[in-house]
Amino acid sequence: MYLETQFSVFMINKPGVLAQLLDEFARSNVNIQALTMMDSVEHGVLRVVAKNHKKVCQLLTDLNMQFSETDVLCVNLSNKSGALAEITNKLAKAHINISYAYCTAGARGGRTTGVIKVADVKKAMKVLQGGGKTTTKKKKPVKRSPRK
């Protein structure tokens, strides 16, 4: 697990805009680790994680594209059913809100990377590394009156 910068790039929702941006990333040798795209009627939002933070920042500025940056958790997962569910359950038990999450198509060794935006990054890292409390409060036993 590691912390990475994610760029949210706000783009006009019309044909070719995403292709142009991805072409620029390729020309600049920016290797994309993960991305997701969402749209609305008026604009699209590309969320992208790439290794070279300064290069991406400069590229987006040069292209006059509106963007924001945020820290996200990148979690190395087994490429199997339930891998992301296990992580999200740990965070839920620790009362850590997940704003959104997405996964890569693949990572080293046939694994995948989960990208997770959480409200409290430090607490989430502690929980996922095993140093935080992940258990819920146990219910007190209910006292029952003896049957007559």
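Is N64 buried or exposed, and what is its relative accessibility?

Analyst: N64 counts as exposed, at 71% relative accessibility; here buried means under 20% relative accessible area, exposed over 50% and partly exposed in between, computed with a 1.4 Å probe on protein chains only. The model is a predicted one, in which local features need pLDDT of at least 70 and side-chain atom pairs count only at pLDDT 80 or more, while totals for chains, interfaces and linings use all residues. Residues are numbered from 1 along each chain as its sequence is written, and side-chain values use heavy atoms, with hydrogens and water left out.

N64 is located in the loop between α2 and β4; helices (H or I, at least four residues) and strands (E, at least two) are DSSP runs numbered from the N terminus. The backbone of N64 has a positive phi of about 55°, although the residue is not a glycine. Most residues other than glycine have a negative phi. A positive phi of about 55° is also found at N29, likewise not a glycine. N29 sits in the loop between α1 and β2 (32–39) and is exposed, with a relative accessible area of 65%.

The interior can be described through its nonpolar cores, each a set of buried Ala, Val, Leu, Ile, Met, Phe, Trp, Tyr and Cys residues joined through side-chain atoms within 4.5 Å. The largest such core has 15 residues, and L73, V75, I87, L91, I96 and V118 have the most contacts inside it. Two or more residues come from each of β4 (66–77), α3, β6 (112–118) and α4 (121–128). The greatest contribution is that of α4, with five residues. V118 illustrates the packing: neighbours within four places in sequence aside, V118 is in contact (heavy atoms within 4.5 Å) with L73, L91, I96, N97, I98 and A124. Another core, of 14 residues, lies apart from this one and includes F25, A50, V56 and M65.

Charged pairs complete the description. Side chains of opposite charge can pair when their charged atoms come close. A search of the whole structure finds three salt bridges, a salt bridge being a side-chain nitrogen of Lys or Arg within 4 Å of a carboxyl oxygen of Asp or Glu. One of them joins K51 to E4, with the closest N and O atoms 3.6 Å apart. Because K51 lies in the loop between β3 (43–50) and α2 (53–62) and E4 in strand β1 (residues 2–12), this pair ties together parts that are 47 residues apart in sequence. K51 counts as exposed at 53% relative accessibility, whereas E4 is buried, with a relative accessible area of 12%.

Another salt bridge links E24 and R27, whose closest N and O atoms are 2.8 Å apart. These two residues are three apart in helix α1 (residues 17–27), so about one helical turn separates them. E24 is partly exposed at 24%, and R27 counts as exposed at 58%.

The remaining pair is K90 with E86, the closest N and O atoms being 4.0 Å apart. Both residues belong to helix α3 (residues 83–93), four residues apart, or about one turn of the helix. K90 is partly exposed at 30% relative accessibility, and E86 is partly exposed at 47%.
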